[in-house]
Amino acid sequence: ALLLLVVIGGVVLFTVGPPVADRRFNTTSQPPPYEASTAARQLHQTLFVADLHADFLLWQRDLLRRYDRGHVDLPRLVEGNVGLQVFSVVTKSPWGQNYQRTESDSDRITLLAVAQRWPPATWTSLRERALYQADRLYDAAARADGQLHVIETRQDFADFLNRRDEAPDAVAGLLAIEGLHALDGDLANVDVLYDAGYRMMAPVHLFDNKLGGSASGTDKGGLTDFGRQVVQRLDALGVLIDLAHASAPLIDDVLAMTERPVVVSHTGVQGTCPGPRNLSDDQLRRIAATGGVVGIGYWPGAVCAGGIAAIVRAMRYTVDLVGIDHVALGSDFDGTVETPFDTSGLAQLTEALLDAGFTEDEIAAIMGGNVRRLLLETLPEGGQ
């Protein structure tokens, strides 16, 4: 009987648990199909659409298949006319996480890694989790018959943009990492992650780590000495620094060190949604002054409501404060959040921006033009 219970438990853990968790945590407030006006759909199809943050690689799904759960897969990216998706990798996520004070002494990803039958090396090493998830994206691209391209350099991206004129259903993927605790405390692992294809890296995620403080950590401090060494190496490699989740002192320290544009891949703004996770007006101005962009999130914790109107309100506020060139999409798709739509429904956001009085040129900038410009300016020119 005990053996039978163990077998049943194993079956549930390895086959039922991950899809159930995926369906429970990655939800939409409205199911597809997503309707939009003819004018919005026609405009949307002319846009280059880029989203700065999705956590798809954490979940047990094949990127090339269409699913009725979660927010992102290649068929839905194509339906949403997405030209570039940043695939961000999560390597650790504490139990009981919250925006006020998250301890770092527990981890939910270990259970998920075991349940999804990730390689045993990933069960104990955060670096190995990052490398495994990067391999998943490259494997999907290898099987995609030319429809999915992983971008590493400016030339890669320029070549992709030229190809997309002839193949409008092609999608580019860019690897990012959410929290450099994935370095496992070793500066040399910055180069390991770079060699694995990562071109955007966030020093912290939901908790304080060896690099510095998180906006939702316990100490919320600035960069440590190790964090400063990491930032210097990221700059030398031409890696985009992502300040999402960073504490205010850490944001100050990074901006004081780097002369390159920075990005905030997924966030809200305190001007429309006060809270420790969201950017102040002063932070927005200083990030924009670097030439960087801010990805506005879609989930209630970022915009203080569950509908598209709240997303647009945050975008309007940010545009009015720092200009149209610094606002982008930062969905947080598949990041254990509820969003108004999945990636196939992005024409609804285009329609909402039209209804809010944005011009077609402004919509083109927000929906992807700003990200395209930033990557063509900041990606490494070639191998390092």
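This is a predicted model: local features need pLDDT of at least 70, side-chain atom pairs count only at pLDDT 80 or more; totals for chains, interfaces and linings use all residues.
Me: Which residue with a positive phi follows helix 13?
Reply: Helix 13 comprises residues 347-355. After this helix comes a residue whose phi is positive, near 95°, and that residue is Gly357.

Me: Is Arg129 buried or exposed?
Reply: Arg129 has its place in helix 5, which covers residues 126-143. Leaving out residues up to four places away in sequence, Arg129 touches Thr91, Asp107, Ile109, Thr110, Trp118, Thr122 and Trp123. Its relative accessible area is 1%, and since a value under 20% is the cut-off, Arg129 is buried.

Me: What distance separates the C-alpha atoms of Val89 and Ala134?
Reply: Val89 is found in strand 3 (residues 82-89), and with a relative accessibility of 0% it counts as buried. Apart from neighbours within four places in sequence, Val89 is in contact with residues including Leu57, Ala130, Gln133, Leu175 and Tyr198. Although Val89 and Ala134 are 45 residues apart along the chain, the separation of their C-alpha atoms is 8.0 Å.

Me: Why is the protein chain described as being as compact as a globular protein of its length?
Reply: The secondary structure of the protein chain comes to 14 helices and 11 strands. For 384 residues the globule rule gives 21 Å, and the chain is as compact as a globular protein of that length because its radius of gyration is close to that value, at 20 Å.

Me: What share of the contacts in the protein chain with a separation of 6 or more comes from residues 24 or more positions apart?
Reply: Of the 384 residues of the protein chain, 57% count as buried, and the C-alpha atoms fill a box of roughly 65 × 45 × 40 Å along the principal axes. Among the contacts with a separation of 6 or more, the share from residues 24 or more positions apart is 71%.

Me: How far apart do the centres of the positive and negative side chains lie?
Reply: The accessible surface of the protein chain comes to about 14,600 Å², with 53% of it belonging to carbon and sulfur atoms. The chain carries 32 positive and 49 negative side chains, and the distance between the centres of the two sets is 4 Å.

How values were computed
Residues are numbered from 1 along each chain as its sequence is written. Side-chain values use heavy atoms; hydrogens and water are left out. Helices (H or I, at least four residues) and strands (E, at least two) are DSSP runs, numbered from the N terminus. The radius of gyration is taken over C-alpha atoms; the globule rule is 2.2 Å times the number of residues to the power 0.38. Buried means under 20% relative accessible area, exposed over 50%, partly exposed in between (1.4 Å probe, protein chains only). Contact means heavy atoms within 4.5 Å. Accessible areas come from the Shrake-Rupley method with a 1.4 Å probe; for residues, only the protein chains shown count as cover. Lys and Arg count as positive and Asp and Glu as negative; His and the chain ends are not counted. The place of a charge is taken as NZ of Lys, CZ of Arg, CG of Asp or CD of Glu.
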